[in-house]
Amino acid sequence: VPHLVVDPVMVSTGGFALLADDAVACMKGRLLPLAGVVTPNRYEAQLLANMTIDSVEDAKIAARKILDCGPRAVLIKGGHLDLADRSVDVLWDGERASVFEAERIDTPHTHGTGCTYSAAIAAQLARGCSLVEAVGKAKGYITEAIRHGLAIGHGHGPTHHFYFLSETSHKCGSR
C-alpha cells in the first residue's frame, strides 16, 4: 500500500489503554513496518517510544524512536501537549523534523479528531501531495473542523467534517 496511514488508536484522550499489551506488540511488530506514516497522539507515542513526552523536543526524540519500529515517517499529534494556546504536531521523516502549529481551540467538541486528521492526511497523499504538504493541509482542515465542532447529544461532540459547506449549499433548489 503506497500511502498507508496508521492511526494507532491505543490510548484514549484521557490516557486510558484501549489495547491489550499483546495487541500493542503486534501493532509495533507487524503493522507499523507497513506504514508510510504513523500518527500517534502524545499518550500513544509515549507507549510506542517508551518515554515521557512533555515538550516538542521530547516529541522529536520519541518520533525518532518510533521510526525504529519500521514506518517511513512518524507524526506525533500534539493536541494533548500542554502548550498554552498552540497545538503543535511533530513530523519526523527519517531525515528532518517538521513542526506544524495551529491555534488551540477551546471546545469540548473534539470527538474523532485523531481519526479525522489521519484520514485527511491519507486523502491528501492519495491526491499526490508530498507528506509535508499533506500534513499541512490536513492540519488546516482539522483545525477548522474542530473550530466548527458540533454540540450533539450530551458530552463531547464530534468535529464538523463538512464545516466548509454553507448552510444554503445543501438545501433543495439551491446551487
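Helices (H or I, at least four residues) and strands (E, at least two) are DSSP runs, numbered from the N terminus. Keep that in mind as you click through this predicted model, where local features need pLDDT of at least 70, side-chain atom pairs count only at pLDDT 80 or more, and totals for chains, interfaces and linings use all residues. Residues are numbered from 1 along each chain as its sequence is written, and side-chain values use heavy atoms, with hydrogens and water left out.

**Stop one: helix α4**

Select residues 113–126. This is helix α4, with 14 residues. From first C-alpha to last, α4 reaches 20 Å, close to the 20 Å expected at 1.5 Å a residue. (The expected span is 1.5 Å times one less than the number of residues.)

Now colour the buried residues of α4: T113, T116, Y117, S118, A120, I121, Q124 and L125. Buried means under 20% relative accessible area, exposed over 50%, and partly exposed in between (1.4 Å probe, protein chains only). What do they pack against? Show β1 (5–6), β2 (37–38), β3 (74–76), β4 (86–92) and α5 (131–147).

Step just past α4 to G128. Its phi is positive, about 100°.

**Stop two: T159**

Go to the segment after α5 and pick T159. Is T159 buried or exposed? T159 is buried, at a relative accessible area of 2%. Next, show its contacts (heavy atoms within 4.5 Å). Neighbours within four places in sequence are left aside; the partners include H109, T110, H111, I142 and L150. T113 and T116 are also among them, and both are buried residues of α4.

**Stop three: salt bridges**

Side chains of opposite charge can pair when their charged atoms come close. A salt bridge here is a side-chain nitrogen of Lys or Arg within 4 Å of a carboxyl oxygen of Asp or Glu. The structure holds 10 salt bridges.

Select E57 and K60. Their closest N and O atoms are 3.3 Å apart. Both residues sit in helix α3 (residues 56–67); they are three residues apart, so about one helical turn separates them. E57 is partly exposed at 48%, whereas K60 is buried at 18%.

Now select E101 and R86. This salt bridge has its closest N and O atoms 3.3 Å apart. The pair links distant parts of the chain: E101 is in strand β5 (residues 97–103) and R86 in strand β4, 15 residues apart. E101 is partly exposed at 48%, and R86 is partly exposed at 31%.

Finish with D93, E95 and R96, which are linked in a network of salt bridges. Between E95 and R96, the closest N and O atoms are 4.0 Å apart. E95 is exposed at 67%; R96 is partly exposed at 47%.
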